[in-house]
Number of protein chains: 2
Amino acid sequence: MDAVVLSEDGSPRLVDRPRPEPGPGEALIRVDRVGIDGTDREVLDGVHGGVEASMVLGHEAVGTVAEPNGTGLDAGETVVPTVRRPPGAYNEYFRRGEPDMAPMDETVECGIDGADGFMAEYVAVPSEYLVPLPERLAPYGFLVEPLSITAKALELAEASREPFAWDRDRALVLGTGSLGLLTLPVLAERFDEVYCLGRRDRDDPAVELAIEAGATYVDSRETPVAEVSEAYAPMDLVYEATGHAPHAVQSVSALAPNGVAALLGVPEPHTAEVDLADFHRELVLGNRAVVGSVNAGYTHFERAIEWLDAMPESVRSAFVEHVYPIEAFEAALDSDVIKAAVELDP
Amino acid sequence: MDAVVLSEDGSPRLVDRPRPEPGPGEALIRVDRVGIDGTDREVLDGVHGGVEASMVLGHEAVGTVAEPNGTGLDAGETVVPTVRRPPGAYNEYFRRGEPDMAPMDETVECGIDGADGFMAEYVAVPSEYLVPLPERLAPYGFLVEPLSITAKALELAEASREPFAWDRDRALVLGTGSLGLLTLPVLAERFDEVYCLGRRDRDDPAVELAIEAGATYVDSRETPVAEVSEAYAPMDLVYEATGHAPHAVQSVSALAPNGVAALLGVPEPHTAEVDLADFHRELVLGNRAVVGSVNAGYTHFERAIEWLDAMPESVRSAFVEHVYPIEAFEAALDSDVIKAAVELDP
């Protein structure tokens, strides 16, 4: 079968692999589509941990149950696989259904670090890591994983504000990548006003989509993060989806009192002079918070599916306009479109 | 009556003031004891906002109802006043019983910023800002306000970890001031191990009290915050009670995965070179969080009273060993003991 793997020279390569045999508890999944995001590009760039040559790429997948293999799933059922697996033996995080809370050395991540991903015609997946998806959402199914990342980050951000009456007047997304853009319609349902900050021109399709999703676009070349509060308004939530290291501190200056910044991106090395007193004081005297979040658990995938189902078609469709055949995987990985995916056709 | 006010030259002064007349809804309180902490010293140093000459000092008080004035309180009842008051008109934060969540420009703080404090023989206080205290705790009552600060900070920290199974293996208090020391027995009840970091010698009474409260003492001159994780163990909670600005970032490096740092101190100006990528990455990949917290609401005072009641007498008594008569207010304000207070004797 076809599979796209990381070759020894660090480039992606389409290879022929034997179709996997599902073991006990595993279903055989025919992969339909696999989305591509910044993490895949980081894996190719060697930014992520233990890159293994010949690892199958891809972690945003949707597929169809080909062989239930006694798992209780139905043949033909549409499913989305979660990303983390135990590193050999089960550990406490997997036992309690919170693999997303495992420290990095107590998990592997399919297609990212330590385990084969999903960019192959067939994958064998333990049924506990398969989330059923309504068939009507199958074409959009590769969007569930990135939305699950937002579901978890929002859960942590909201929990941190739970002890008091948190205003949901304004939310700001940092970044116009696919994760930030996918998050805009979710936030537009939950906040009175949503802003999106990026460094693209106003006629860029990503900016047009942000506006279609209900956001006010802020060009960071005119209004940097630290000036958003004054130029527009202070934000109750900042959602950091770029991994630009200074955002960890700058996000706080964009927050209203009692606001929270959710950090999701993984930064490249960056050192800078910081007004630490200002950062500290704004956190304390404004009851502000910063929460980091990585990966997502089963319940976050379920919430992501609800969100995907509720997303306006005018917005949702923009994320599935660039689905490449598997043979064009290189073009898909290099693409600068709003969201690229590959389609496998066994 | 006696009152200690901030004089125009910024020094504290004992003056004679007319006894206040309680207005509608206010009870007249005979003040028994007023604790002194770092915030009082900051007020004298002019660090805190709108310092008003002739403002009565003191915000950690315990008193006795002298005239209920139709409020429903009983004459002779022991009470602790909360600190924040509306800045003129009521606003949404006071209406919903969350004055501690008011932005700094939507509140005044008795004895700190914009309103008279409690270092006077009598004060008139709206009954909604008076928290009843069991009479047996009256000698310790000035500890309720600082403990309420911890009650709120812990509530925010715990809420931020509520969506998952948070380990409570280890907590670290930064600072050996009275707030940090008071917090140690509270954390010792909730975590398997408690650490206290400071820059005092091991035979210092504060360090001896930390150990009596169940903590392992870490001398920051030997082991700075950033090395605690490696030298001892990573912490599930860091409680920052010094206001040393670099701690906002350094606390995160002391955290275990899924840990949270609670910041409470108000820092002096400080700028430094920071590895922002490291800070950002540890927050994201370790699901870590930072929560700032200021002031406390009525329910936090109630929780503080429960904690005070449950605190071992061997620890609690160390905080009431240095109670000065009001005439010795200057010695009390200058004192370097574990905890100083003044006693008013009408």
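## Chain A–chain B interface and selected local features

Strand β16(A) and strand β16 (residues 271-275) of chain B pair in the antiparallel sense over five bridges; two strands count as paired if DSSP finds at least two bridges between them. Within this pairing, Glu273(A) has Glu273(B) in β16(B) as its bridge partner. Helices (H or I, at least four residues) and strands (E, at least two) are DSSP runs, numbered from the N terminus.

The model is predicted: local features need pLDDT of at least 70, side-chain atom pairs count only at pLDDT 80 or more, and totals for chains, interfaces and linings use all residues. Residues are numbered from 1 along each chain as its sequence is written, chains are lettered from A and ligands numbered from 1 in the order in which they are written, and side-chain values use heavy atoms, with hydrogens and water left out.

### The interface

Contact, meaning heavy atoms within 4.5 Å, involves 57 residues of chain A and 57 residues of chain B. The two chains bury about 4,600 Å² between them, with 63% of it on carbon and sulfur atoms. Buried area here is the accessible area (1.4 Å probe) that two parts lose on being put together, summed over both. On the side of chain A, the residues that lose the most area to chain B are Leu276(A), His280(A) and Leu285(A), together 15% of what that side buries.

The polar part of the interface comprises 25 residue pairs in polar contact, both residues at pLDDT 80 or more. A polar contact is a pair of N or O atoms within 3.5 Å; within protein, one must be able to donate a hydrogen and the other to accept it, and residues adjacent in sequence count only if both atoms are side-chain atoms.

The elements of chain A that give two or more residues to the side touching chain B are α2 (92-95), α3 (144-160), α7 (247-253), β15 (255-263), β16 (271-275), α8 (276-285) and β17 (289-292). The largest share of that side, eight residues, comes from α8(A). By class, the side of chain A that touches chain B has 31 nonpolar, twelve polar and 14 charged residues. In this scheme Ala, Val, Leu, Ile, Met, Phe, Trp, Tyr, Cys and Pro count as nonpolar, Asp, Glu, Lys and Arg as charged, and the others, Gly among them, as polar.

### Helix α8 of chain B

Helix α8 (residues 276-285) of chain B is mostly covered, with seven of its ten residues buried. Buried means under 20% relative accessible area, exposed over 50%, and partly exposed in between (1.4 Å probe, protein chains only). The buried residues are Leu276(B), Ala277(B), Phe279(B), His280(B), Leu283(B), Val284(B) and Leu285(B). At the start of α8(B), a side-chain oxygen of Asp275(B) reaches to within 3.3 Å of the backbone nitrogen of Ala277(B). Asn287(B), which follows α8(B), has a positive phi, near 50 degrees.

### Salt bridges

Over all chains, the structure holds 38 salt bridges. Three of them are listed here.

| Pair | Closest N to O |
|---|---|
| Glu343(A) and Arg33(A) | 3.0 Å |
| Arg84(A) and Glu109(A) | 2.8 Å |

Glu343(A) and Arg33(A) form a salt bridge that links strand β19 (residues 340-343) of chain A with strand β3 (residues 26-36) of chain A, the two residues being 310 residues apart. Glu343(A) is partly exposed at 30% relative accessible area, whereas Arg33(A) is buried at 16%.

Arg84(A) and Glu109(A) form a salt bridge between strand β6 (residues 84-85) and strand β7 (residues 108-110) of chain A, 25 residues apart. Arg84(A) is buried at 1% relative accessibility, and Glu109(A) is buried at 6%.

Asp201(B) lies in the loop between β12 (193-198) and α5 (205-212), and Arg221(B) in the loop between β13 (215-219) and α6 (225-231), so the pair ties together parts that are 20 residues apart in sequence. Asp201(B) is partly exposed at 46% relative accessible area, and Arg221(B) is partly exposed at 44%.

### Strand β5 of chain B

Both faces of strand β5 (residues 78-81) of chain B are covered: Thr78(B) and Val80(B) are buried on one side, and Val79(B) and Pro81(B) on the other. Strand β4 (residues 60-67) of chain B pairs with β5(B) in the antiparallel sense over two bridges, and Gly63(B) stands opposite Val79(B). Strand β10 (residues 130-132) of chain B also pairs with β5(B) in the antiparallel sense, over three bridges; here Val79(B) stands opposite Pro132(B).

Notes:
A salt bridge is a side-chain nitrogen of Lys or Arg within 4 Å of a carboxyl oxygen of Asp or Glu.
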